[in-house]
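Please have your viewer open as you read.

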Amino acid sequence: MMKENDFEQAAAFLPDRLRQAARQMTEEQKEQCEEFRLRAGQPFAACCGGQIVHLPPQGPPQIVTREDLELLVARCTGRSAHTYARQIAQGYLSLPGGRRLGLCGEGIVDQRGELLSFRSYTGANLRLARQVRGVADPLLPYLETEEGPGGVLILSPPGGGKTTLLRELVRHYSQQYNVALLDERGEVAACRDGVPQYDVGPHTDVNTGWEKSQAIQAALRALGPQLMAADEITTEKDADAIIGAHGCGCRFLATAHGAEPQDLLRRPVYRRLLEAGVFGRLAVIRRRGRQRQYLVYGIREARDDEMAGGGADFSVLRLRWVFDQLYAGPADGGVKVLCGRVGASAI
C-alpha cells in the first residue's frame with residue numbers, strides 16, 4: 001500500500017499547476033496511483049488501479065504543455081540534465097525512492113543512429129514505486145524445488161508489478177541466502193547514499209547503476225552469492241553472463257516483459273536461458289480490472305508422448321518445453337502450455 005508521503009514525494013516533481021491538480025484526487029485514487037502521464041497538448045492524467053483519470057478529477061483537465069515537460073525534466077535532474085545524459089539517452093531517468101521517469105520526444109542521433117539526447121520532449125511517464133510486503137507469500141511454496149529456489153522468472157506486461165514481486169522475493173530469500181541484487185536502474189533497492197530505501201533483506205549485496213553483465217562478473221568474483229536477482233533481462237550480453245554464472249552454481253531471480261508463457265519462446269534471449277536450464281519456475285502476473293492475478297508454472301522438458309501432434313510447433317521453435325501450472329490465485333484450474341499452445345490436444 002502506498003503511503004501518503006510516497007504520493008507527495010512523486011507529485012513534488014510535477015510543475016506547480018499539475019501538482020495542484022494531482023492533489024485533488026481522492027484518497028483512494030492516491031493510494032492506487034501508479035503513474036502520472038504527461039503528453040504535450042493532451043490532458044494531464046494518472047493511472048489508478050488500471051484506470052485512466054484526467055486531472056483534476058472534477059472540472060476541465062489541465063492540458064500539458066512543452067514547457068511543463070521541460071520543467072519536469074529540470075526538476076528530476078536538479079536542473080543539471082547534462083549530468084544525466086547517459087540515462088536520458090536511454091529514454092528514462094531513475095529518481096529517488098525507486099521512482100522512474102520515462103521520456104519520449106524528438107531525438108538527436110549520431111551517425112550510427114543511436115540516440116544522443118532529445119531536441120524536445122513530447123511526453124513523459126512518471127512512475128510511482130511502492131513496497132507491497134507479503135505479495136509473494138502465497139507463491140513461495142510453489143517457487144521452490146527440493147534444492148531450494150528453482151530459478152524464478154517473473155513475467156508481465158509493462159507496469160504489471162514485476163519489480164514489486166521481485167523485490168519481495170529478494171527480501172524473502174535474503175533471510176536465508178546470500179543474494180546479489182543487480183539493480184542497474186536503481187528501481188529495486190532504490191539506494192540513496194549507499195543505503196537501500198526499500199527493504200531488500202539482511203543478506204543482500206546491491207550493485208546499482210552499472211550494467212548487469214559486468215555486475216554479475218564482479219559479484220561472482222567477490223561476493224559469493226547463492227542467488228542473483230536482476231530486473232528486465234533484455235540483451236544477449238546479459239544472457240551470456242547469466243548462463244555463465246548459472247554454470248558456476250548460482251541461481252537467478254529475474255523479470256521479463258510478456259503476457260503469457262509462450263511469449264518467452266518467441267524471444268531468442270529467453271529461449272537460450274530456458275535451454276540452459278536457468279529457470280525452473282515462471283511467475284506470471286495478469287491484470288484483472290483493479291486486481292492482479294498471480295500464476296506459477298513449473299518449467300520442464302516435454303516427454304515424447306506430449307510432443308505427439310505438435311511437430312509443427314516444435315520444428316519452428318526448436319524447443320521441448322512444457323509449462324505446468326502449479327498455482328493460480330484466485331484458483332482457476334491446472335493448465336499446461338505446450339510449446340506455445342494452451343490446452344493442446346496432445347495433452
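Predicted model: local features only at pLDDT ≥ 70, side-chain atom pairs only at ≥ 80, totals over all residues.

Numbering starts from 1 along each chain as its sequence is written, and side-chain values use heavy atoms, without hydrogens and water.

**Strands** (DSSP E runs of at least two residues, numbered from the N terminus)
- Strand β1 (residues 33–39) runs antiparallel to β2, joined by four bridges (pairing needs at least two DSSP bridges).
- Strand β2 (residues 45–48) also pairs with β3 (residues 51–54) in the antiparallel sense, again over four bridges.
- Cysteine 47 of β2 is the bridge partner of glutamate 35, and the bridge partner of cysteine 47 in β3 is isoleucine 52.

**Helix pair** (DSSP H or I runs of at least four residues)
- The axes (lines fitted to C-alpha atoms over the stretch in contact) of α9 (residues 236–247) and α10 (residues 268–275) come within 9 Å and cross at roughly 10°.
- That makes α9 roughly parallel to α10 (angles under 35 degrees between N-to-C directions).

**Nonpolar cores** (buried Ala, Val, Leu, Ile, Met, Phe, Trp, Tyr and Cys joined through side-chain atoms within 4.5 Å)
- In the largest core, of 34 residues, Met228, Leu273 and Leu282 touch the most other members.
- Apart from it lies another core of 32 residues, including Leu14 and Phe44.

Note on methods:
Buried < 20%, exposed > 50% of the residue type's maximum accessible area, 1.4 Å probe, protein only. Axes fitted to C-alpha atoms, helices over the stretch in contact; angles between N-to-C directions. Parallel < 35°, antiparallel > 145°, perpendicular 65-115°, else oblique.
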